[in-house]
Amino acid sequence: MSSYESEIKRRRTFAIISHPDAGKTTLTEKFLLYGGAIAQAGQVKGKKNTRAATSDWMEIEKQRGISVTSSVMQFQYEGFCINILDTPGHQDFSEDTYRTLMAADSAVMVIDAAKGVEAQTRKLFKVCAMRDIPIFTFINKMDREARDPFELCEELEKELGIDTYAINWPIGCGKEFQGVYDRQNRKVIHFTSNTNAKAATATEIEPDDPALADLIGQGKRDQLVDEIELLDGASCEFDLDRVRHGKLSPVFFGSALTNFGVEPFLEAFLRMTTAPLPRKAGDEVIDSFEDSFSAFVFKIQANMNKAHRDRIAFMRVVSGKFEADKEVYHVQEGKKIRLSRPQQLMAAEREIIEEAYAGDIIGVFDPGIFSIGDTLCAPGKKFRFDPIPTFAPEHFQRIRSVDTMKRKQFLKGVEQIAQEGAIQIFKTPYTGMEEVIVGVVGTLQFDVLEYRLRSEYNVELYKEGLPYEYLRWIVKEDEDAPPIKEDELLLPNDAKLVEDYKGNQLLLFSSQWSIQWVQERNKGLVLAEFGGARF
Ligand code: G4P
């Protein structure tokens, strides 16, 4: 195998998803610690302080103490080169969070053992599931009082519609948490609490070894034997192929804070996942091992340096090798370019890099030429990767400039920020150009918009909250058909027809009920939950 092939083969690119506070940051930190990318716990964590250091370019982020953007971290572990895509878990997450998932080949879903599936887990899961990527479940905080493990697995299956297979099974919880039973090796792994060391100390013992009762107590031993029997009888077979197609989620129990089960989880995860996955470009499938370079842009981060109004475009390398000074072809612009100042995040550090391989995420300086979803490839090739879907915002406001004389700056700013993908903007045939309806996935983006318009465009906003919560794209069978007029549709009072700036027509709704109402009464009207891409 060439060194080029082995570089690609050893790469794994995954996202960690969870509801806020389930332990995503703690788990990420433990991974980095095992990989030697950080020397001690607490370097990445501390959302309230250290994390902001990687992106302290935005005042508002510091003020609110949360990360508005998603970051990417690379580290090495036992010969693997791992790229973790971090998705902001706070309530005010953004469309960027969803888009980041488009760059991942698999996802690790962290669940709080006391809480089970929560709102944000559901949303992020849905986006992963639509691409059928493998989803691994880590049920965290077993060192605290937890819900019954059978109940937790059942909830995952019912709520998320995915089968589960427990790779290990917990022995007790809270203060009584003794370790796990490894179902594949048929061994009990008994842990000793250890918060600070690299990994918890573990003793392996066969379940029928009489010494087990001494170790964990007769009651726990009997309960474990019963539960294993129940599990073996009731759960579905482990099928790696179904895992790789996102149909079966391997479930692990542990505690990120105390290191219980974290390293075995990482090892099993690396064993079960594959090298970077291919991507579709229309009728073509671009394999990661192809020898020519290709990548797509999935995120644009504005204002890394406020003085220059510059941006960083994040791209996922899909195939081949990226070399810093080589020319690449930017398909959407039809131009050959050199990507300047390519950089990668290593733990909390930003580094200028010379090369990257399929699976890697690189950030390049963007003078304003890139858009979300753009394709870059070797000169001579012209394919376009399938578009990244547009995700439906859930919060809407009507906005305009307080000072009507500043209409031009207002529109320029709003359009620019929308192009970066932080917000979506809409117009209605009746609002003219002064007013814009803005939609966001997380409400913090409203604050970001207001802040940026004030500080970069000198525009004060007039804002009015709108009651809508759902957005659906109107799917046109015939691209050339004329736009639908409002009076051609039967709409309830709480629904509204709008248009985006690309001319797509959409409907805003304030309830699920009214979506149903519209679908029942407007036969032939096809509504889509995502814009741009079909899965
Ligand atoms: P997030 O990124 O998913 O939002 O969660 P994060 O890792 O920040 O963890 C949220 C809280 O849960 C933190 O406590 C963290 O220490 C705790 N935690 C994470 N994993 C475990 C675990 O396995 N067991 C227990 N008992 N706690 C866990 P905090 O007090 O909110 O933050 P901090 O003051 O410790 O930073």
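A search of the whole structure, which is a predicted model, finds 18 aromatic pairs, where rings of Phe, Tyr and Trp (its six-membered ring) pair if their centres lie within 6.5 Å, and planes under 30 degrees apart count as stacked, over 60 as edge-to-face and the rest as tilted. The rings of F252 and F265 have centres 4.7 Å apart and planes at 75 degrees, so this pair is edge-to-face. Because F252 belongs to strand β11 (residues 248-253) and F265 to helix α11 (residues 262-272), the pair ties together parts that are 13 residues apart in sequence; helices (H or I, at least four residues) and strands (E, at least two) are DSSP runs, numbered from the N terminus. F252 is buried at a relative accessible area of 2%, and F265 is likewise buried at 0%, where buried means under 20% relative accessible area, exposed over 50% and partly exposed in between (1.4 Å probe, protein chains only). The rings of F396 and F426, with centres 6.4 Å apart and planes at 50 degrees, form a tilted pair. This pair links distant parts of the chain, with F396 in strand β25 and F426 in strand β26, 30 residues apart, and both F396 and F426 are buried. Ring pairs also link F14, F31, F136, F138, F252, F265 and F269 into a cluster.

For the model as a whole, local features need pLDDT of at least 70 and side-chain atom pairs count only at pLDDT 80 or more, whereas totals for chains, interfaces and linings use all residues. Residues are numbered from 1 along each chain as its sequence is written, and side-chain values use heavy atoms, with hydrogens and water left out.

An open sheet of 8 strands has the order β28-β25-β27-β26-β30-β31-β29-β32 with antiparallel pairing, two strands being paired if DSSP finds at least two bridges between them. Its edge strands, β28 (461-466) and β32 (526-528), each pair on one side only. Strand β25 (residues 395-401) pairs with strand β27 (residues 436-440) in the antiparallel sense over 5 bridges, and R398 has I437 of β27 as its bridge partner.

The largest nonpolar core holds 65 residues, of which L85, M109, I139, L156, W169, F253 and F298 touch the most other members; such a core is a set of buried Ala, Val, Leu, Ile, Met, Phe, Trp, Tyr and Cys residues joined through side-chain atoms within 4.5 Å. Helix α6 (residues 119-130) gives the most to this core, with 5 residues.
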